[in-house]
Amino acid sequence: MLYFILALEVILVLKALGDIGLIMALSAMSTLALLYVWATRHKFGENLIPLEREEIPWLYDGIAELAKKAGVQMPRVYLCDDYIPNAYSFGNTIVLSLGLFEVLDEDEIIAVAAHELGHIKNRDTKWFPLVTYGRFLMLITTLILLIAGNAAVKVAALTLYIAYELARSDFMKKREFLADETALRLLTIPMSLKRALEELKYYEDLRMNVRVNAVPSIEPGIEREKRFAFFTETHPSYEERILRITFEMNNLMRIKQVQ
């Protein structure tokens, strides 16, 4: 759906602005592509400490076991020198803040890592940046059409932009639920993910200022801004996730009983 909307936007630009529109669209796409390459190489290197097995063997071995169960390569794992409990993933990399170690026990930290590994297994670390940069492209082309297009083009451009925002929000929320479901199937103690979320929800306000855009992360609502929640909510709430996890755990228990 997202790519269909993007394709319609590009067609609209071409129809409304012709060759100039094509040049603008290609320029915007090239700029965003370069920005993506720069961000993935430079943005995530600050305050990151590579995880060494000798330092925290239970964490390294725990993630290695999760990766083996998931059938994926052992991810690179970094610790972020930040007291705020947070976690995110990009590429084949998981980042865990030192703040997690202050508020969660070992099983709960492994559960947080399992959620991020779920994103890697489900290829969200590739999809999320593309979806986010697609949003930037939609914003740029929509602004161009609002300035240069006629009344019909302006209405069409706004309609497509709103449609993209709705589809983006729905897509990313579903991927968060899927990462939780994947984590539950990987964890030896599935209840640890529920406990971790119940603990982390008390720290959401602190993480509002450290939201890392365009990467999958453990937090549910960090993008939220109450005035524009219609456009910015891309994570389900803690309550939604905890409820879904409870239902999923019950389903897993019933399956095991049948087997």
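A residue is taken as buried when its relative accessible area is under 20%, as exposed when that area is over 50%, and as partly exposed in between. In this predicted model, Phe128 has a relative accessible area of 1% and is therefore buried, given the cut-off of under 20%.

Five aromatic pairs are present in the structure. In one of them, the ring centres of Tyr3 and Trp127 are separated by 6.0 Å and the ring planes meet at 55°, so that the pair is classed as tilted. Because Tyr3 belongs to helix α1 (residues 2-42) whereas Trp127 belongs to helix α5 (residues 124-148), this pair ties together parts of the chain that are 124 residues apart in sequence. Both partners count as partly exposed, with a relative accessibility of 46% for Tyr3 and of 34% for Trp127.

A further pair is formed by Phe128 and Phe171, whose ring centres lie 6.5 Å apart and whose planes are at 65°; since planes over 60 degrees apart count as edge-to-face, the pair is assigned to that class. Distant parts of the chain are again linked, with Phe128 in helix α5 and Phe171 in helix α6 (residues 151-186), 43 residues apart. Within this pair, Phe128 is buried at 1% relative accessible area, whereas Phe171, at 22% relative accessibility, counts as partly exposed.

An aromatic ring also takes part in a contact with a charged group, in that the charged end of Arg244 sits over the ring of Phe177, at 3.9 Å from the ring centre.

Methods:
Residues numbered from 1 in each chain as written. Predicted model: local features only at pLDDT ≥ 70, side-chain atom pairs only at ≥ 80, totals over all residues. Heavy atoms only, no water. Phe/Tyr/Trp six-rings, centres within 6.5 Å; stacked < 30°, edge-to-face > 60°. Helix = DSSP H or I, 4+ residues; strand = E, 2+ residues; numbered from the N terminus. Buried < 20%, exposed > 50% of the residue type's maximum accessible area, 1.4 Å probe, protein only. Lys NZ or Arg CZ within 6 Å of the ring centre and 35° of its normal.
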